[in-house]
Amino acid sequence: MTPTPPAPALVEPDRVHGSLYTDPEIFEQELTKIFESTWVWVAHDSELPKPGTFKSTYVGRQPVIVTRDRKGTVRTLLNRCRHRGASLCEKPRGEANGFTCPYHAWSYGLDGRLRGIPYPDGYEGVMEKSDLSLRALRTESYGGMIFASYDPDIEPLVDFLGDVAPWIDLFTKQGGGYPIKVLGRHQFTFRGNWKIQLENTTDGYHFPIVHRSWMASVDAETADMMSFMTDPECTTHSLGNGHSVMQMVPEHSDLDADDGTEPLQARFDGLVAELGQAGLDDAAVRRLVRAMHGTGFNLNLFPNVSLSNSFFRVLRPIAVDRTLVEHIAIGPDGPPEIVGPVNRERLRIHEHFQGPFGFGTPDDSEGWERVQRGAQAEPAMPIMVNRGMAREKAAGEGWPTSHVTDETGMRAAYAKWKEMMGDD
Amino acid sequence: MTDLVTGPALATAPPFLADPRVQRAIQLVWHEAALLDAKDYEVWAELYTDDALYVVPIERDTDDFAGSLNMIYDDKRMRQMRVARIVEGYSLSAVDAARTVRTVSRFTVTSVSDTEVRLRSAQVLVSFKRDEHAVLGADLDHVVVLSDGGDRIGGKVIRLLNSDASVNASGYLL
Ligand code: FES
Ligand SMILES: [Fe+2]
């Protein structure tokens, strides 16, 4: 075994070192230098619909509670009692007035403030309650996407998102005129490094190979919509800060741009009739139905979330060789007679591909585990991310751009990785 | 039968095993388990009636499967496509699926008639793939449709113990 060089040296523009997937020390550094230093997605606005609602999740490997306090402010609090460290909340979601520790009953407000201590006389002259609020992470949101960071001095979220922000705006148009809300989530783990999943979100190259059996099971129109492999219009842009976007169905990127010529898919005939009966005019029906498969692009945000077709894909690093993935289904939030039938249809589309028993996820997952297993064979051998380098151009707003099957998105993510892992 | 009412009430308290209708239903459930472990999916799909739903929900206590996200929500068409996907050889996860052994037991009966038996049972499935054993526990609800022409499954709901936590993507069926 040759000793591994320092982490930043392991990433070159066209290749990365195999130990990026296998070295536990690199993984520990990633938790500190990336997941505990940058903006990490924690929740969608709709998961905290009103004051008192909360969600428990993780930032890196640390458990947090995301709450909406009485004034409507969203907070991200470490899920750790300030007394002796017990976790305060084990419910994934819910509504509460505050959090009372089950061990000795210290109680905290939704804003994290320590409100009550039983038998407080033992603490007289020992400590001030006001010094023992729950540790809060900096929390900001854009377009309903809530992010948290351990770094109080981090750049504002909008700066971190940069050119991503207008893509988030486009993505939310799939509400068809309504806000979007979370409909449910699939969760699975795979035996592999988190970056293998990060890469996959803008990897158009694997699609027809890995998802051949899914392609065979969808109707011709859907398969046709996904015929991006040979279409030069379908491109991937690097958006800065490690973020990227892969456009598989560019004509759906802006769902408000509808010249009315695209026929609606026959599979939605029943839904179209139902929405008509519910009183929607043709334009409103088209808006909802054209959004059924989402926006036709995958927006990959470094390091842990992507907005993909019609869902959020969230990754959580667990160990160097284990990663948890969530597929969070979304749909319009509006009157039940409209969003009921629309979302039932969207749920079926989501189930068809995503989740541990979908027609796509298990095959992706098998592919990722193969990468992890294979990478143990001589980790010093490089992982190639050079596809399309020679045809990469500065397009649009100056974004490095290449074909949808090229590895532009991965190169962007690894360049950011290199930058962050170099900071001491 | 797509109406899978699955409340906890037991219409039939023990002893029910002596009832020949219940015996037929249990026999069919065990036959299904053997077909699934053998990955004999084409024969397995034939056990189901045309209107049967095969569901793996995420929320353990919901009965509104159509209105919520599931891991599997298969009518006949989806079931057939799922079987085609698994057997055709193009799905890398199905080609390399884990081996499984399952036991189905702890039967309770929620209703019995001459045409239909509703059963609840426990399933413990052990899988093995690449040096790793995994255990999946689940409550099963079966609707068994009795008929002289051959008993069929009129619906099945699989409530995994970890359905609302992380469930690993696998190439086999439950
Ligand atoms: S650990 Fe929380 S009150 Fe003691
Ligand atoms: Fe994929």
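In which helix of chain A do A:R348 and A:E351 both lie, and how many residues apart are they? Select helix α11 (residues 336-353) of chain A, where the two residues sit three apart, about one turn of the helix; helices here are DSSP runs of H or I with at least four residues, strands are runs of E with at least two, and both are numbered from the N terminus. This is a predicted model, in which local features need pLDDT of at least 70 and side-chain atom pairs count only at pLDDT 80 or more, while totals for chains, interfaces and linings use all residues. Residues are numbered from 1 along each chain as its sequence is written, chains are lettered from A and ligands numbered from 1 in the order in which they are written, and side-chain values use heavy atoms, with hydrogens and water left out.

A:E351 counts as buried at 3% relative accessibility (buried is under 20% relative accessible area, exposed over 50%, partly exposed in between, with a 1.4 Å probe and protein chains only).

Next, select A:K173, which is partly exposed at 25% relative accessibility. Its side chain forms a salt bridge with A:D254 at 2.8 Å, N to O; because A:K173 lies in the loop between α4 (165-172) and β13 and A:D254 in the loop between β15 (243-247) and α9 (269-277) of chain A, the pair ties together parts that are 81 residues apart in sequence. A:D256 also forms a salt bridge with A:K173, the closest N and O atoms being 3.2 Å apart, and this pair ties together parts 83 residues apart in sequence. A:D256 is partly exposed, with a relative accessible area of 43%.

To look at both chains together, select A:E366, A:R370, B:D96, B:K129 and B:R130, which are linked in a network of salt bridges. The count over all chains comes to 45 salt bridges.

In chain B, move to B:V135, found in strand β5 (residues 132-145) and exposed, with a relative accessible area of 60%.

Finally, return to chain A and select β4 (53-59), β5 (62-68), β13 (180-190) and β19 (322-332), each of which supplies at least two residues of the lining of the largest pocket. Among these strands, β4(A) gives the most to that lining, with four residues.

Key. A salt bridge is a side-chain nitrogen of Lys or Arg within 4 Å of a carboxyl oxygen of Asp or Glu.
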